[in-house]
Amino acid sequence: MVILIADDDRLVRFTIKSILHDLRGDEEDIFLEAGNGMEMVELCREHHPDVAFVDIRMPHLSGLEAIAESRKEAPDTEYVIVSGYSDFEYAQKGMRLGVSEYLLKPVDEEDLRKVIGELTEKIKRNKSDSNSRFRLRVMEAFNYYTVLGREEGGIDKVEDSGCYTVFMLRIRGGKNTRESMEKQQRDLMKKISALGEEVVGRGGYYAAACNGYGTPCIVFQTGRDQADHILSRIKMASMSAVSEKVRHCFMWFEEESLEEACIRCEKLEKDLCLLMQENPGAVCRYEEVRAGEREREFLHLTEKLTEVWMQADGTACREILNEMWRGYGCLELNLNLKNLSGFCEAVTGGRILSDSLRAFCRSFVENSDEMYSFSSQEEKDVTEQAREYVKKYYRNDISISQIAESLGLTANYLSTIFRQRTGMKLIDYLTQVRMEAAKKLLCENITASVQDIALMVGYNSSRHFSTLFQKQTGMTPSSYRRVKAEGGL
């Protein structure tokens, strides 16, 4: 917690700080001190403290004047007046400024204990409630752009302050590694969630969502001062989770708005293949993952090759290998073949050479017998289970992550398998089921509002629902109901 003590008496500042140190024990508090009202306003502008203890009479600006000015810079700060003047007039003015408490000098330790205890709980509740709203906003935004992309009349514009730092997790494994993949993703997300709680405690925001491909996207909104700390902690968590059976990496970027962050998470999906040549557990900034056009094309083909290998599609494998051989076999590409081969070995379970591009391609041919040992029956069953879950729970506010968790899978794995088997994204299937249900409800419940129908099919936002419905049917929900009532369609 960030605590500001504003008093022109240095001894008073020292006394309050010492008492709070003793009262709060091992809490990792940051203490700021101001000797006058102007310094207090400046510190509030820069640090947005959680609590400010403010003396009434200070140079340059009085305590009440400083609070009034600081409110403009730090509206969420809890202000406590500390004064030797028990005049009721000061208390009244303080109440009008939203002051939380009024303490008399000399400050009594028991009174301070009570005040800081109550404010700590209040601040925790406020931050938790605020982050819950942030998490819901992120989920709705990702859901919207996953389905519709960037269009006019999108999600409601929100006030953006600070920067958004987004980490996209790519995790891959091969035969008999599903449990390992699930465990690795759970362990990573658990550590990142703990970091998220820490960020929220410092006044930032945290949420986890999935793009349309099921790729986990971890979103932090903080001031610039926290970005380096978050990156360092993600790197530590990622490296501690490295294993031989499962390969994972993070790609991250920064954006100034939630809208741009959502759009970029969809667009960057195709570039996650660049991570195949990075060290296991790497955390790479998108702008620093360099690849020329030919290198990028080769990595895209390699990703396709591993996907069809998992499907035991021998014909598709041969076609891709022939294309790789003819187009790139004689080239000297700027690739980290050692890491790329290690990635492919984790997926295929076979020995993939890294001596040259030719040796790399030839290894897949030599391991082709292994490919046919991959059974596709499990994937088919998973697809049907996902369909059944959607049909059963589409009325709830469900996400790809929840569907995957119910089946004991990672969201990324489920999305990949579903798209391979059905030719459509899982989020698109969920939307399709909801829209069909909405059509029926609009006709059967003629007195229900559009907002009611939206809630019945799992959408909290009627605007979001209406936009999706119009995209699917070519007309608004109200127009659809009217046309059906008139015997049309």
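**Entry 1: the second largest pocket**

I sorted the lining of the second largest pocket by class and got 10 nonpolar, seven polar and four charged residues. For this I counted Ala, Val, Leu, Ile, Met, Phe, Trp, Tyr, Cys and Pro as nonpolar, Asp, Glu, Lys and Arg as charged, and the others, Gly among them, as polar. This is a predicted model, where local features need pLDDT of at least 70, side-chain atom pairs count only at pLDDT 80 or more, and totals for chains, interfaces and linings use all residues. Residues are numbered from 1 along each chain as its sequence is written, and side-chain values use heavy atoms, with hydrogens and water left out.

I noted what a pocket is here: on a 1 Å grid over the protein atoms alone, an open set of points with protein on both sides within 12 Å along at least five of seven lines. A cavity is a set of points where a 1.4 Å probe fits but cannot get out, and lining residues have an atom within 4 Å of a point.

The lining of this pocket holds 21 residues, and Q185, R186, M189, S401 and E405 lie nearest its centre. The volume of the second largest pocket is about 550 Å³; a volume is the space filled by probe spheres set on the points, which are joined across faces, edges and corners.

Which elements each supply at least two residues of this lining? I found α5 (109–148), α6 (178–201), β7 (205–210) and α15 (400–406). The largest share, five residues, comes from α6. Helices (H or I, at least four residues) and strands (E, at least two) are DSSP runs, numbered from the N terminus.

**Entry 2: the cavities**

Rolling a probe the size of a water molecule over the atoms shows where empty space is left. How many cavities of 30 Å³ or more does the rule give? I counted two.

The largest cavity has a volume of about 190 Å³. I listed 17 lining residues for the largest cavity, with R172, G173, E307, M310 and T416 nearest its centre. At least two lining residues come from each of β6 (163–172), α9 (293–310), α11 (337–348) and α16 (411–422). Helix α16 gives the most, five residues. By class, this lining has eight nonpolar, five polar and four charged residues.

The second largest cavity comes to about 70 Å³. Its lining is R170, R247, H248, C249, L275, M276, E278 and F343. Strand β9 (residues 247–255) gives the most here, with three residues. I sorted this lining into four nonpolar, one polar and three charged residues.

**Entry 3: helix α10**

I checked the span of α10 (residues 314–328) next. Its 15 residues, at 1.5 Å a residue, should span 21 Å, and the end C-alpha atoms are 21 Å apart, which agrees. The expected span is 1.5 Å times one less than the number of residues.

Which residues of α10 are buried? I noted G314, A316, C317, I320, L321, M324 and Y328. They cover an arc of only 160° around the axis, so they sit on the same side of α10; the arc is that of the directions from the helix axis to the C-beta atoms. On the face turned away from the buried side, α10 carries the exposed residues E319 and R326. Buried means under 20% relative accessible area, exposed over 50%, and partly exposed in between (1.4 Å probe, protein chains only).

Is E78 buried or exposed? E78, in strand β4 (residues 78–83), counts as buried because its relative accessibility is 8%. Leaving out residues up to four places away in sequence, E78 touches D50, V51, A52, S100, L119, K122, I123 and N126. Contact means heavy atoms within 4.5 Å.

K267 lies in helix α8 (residues 258–267) and is exposed, with a relative accessible area of 52%. I also looked up K267 and P49: they are 218 residues apart in sequence and 37 Å apart in space, C-alpha to C-alpha.

D355 is found in the loop between α11 and α12 (357–366). At a relative accessible area of 66%, D355 is exposed. D355 and S341 are 14 residues apart along the chain, and their C-alpha atoms are separated by 9.7 Å.

**Entry 4: the whole protein**

I finished with the overall view. The protein has 20 helices and 10 strands, and buried residues make up 50% of its 489 residues.
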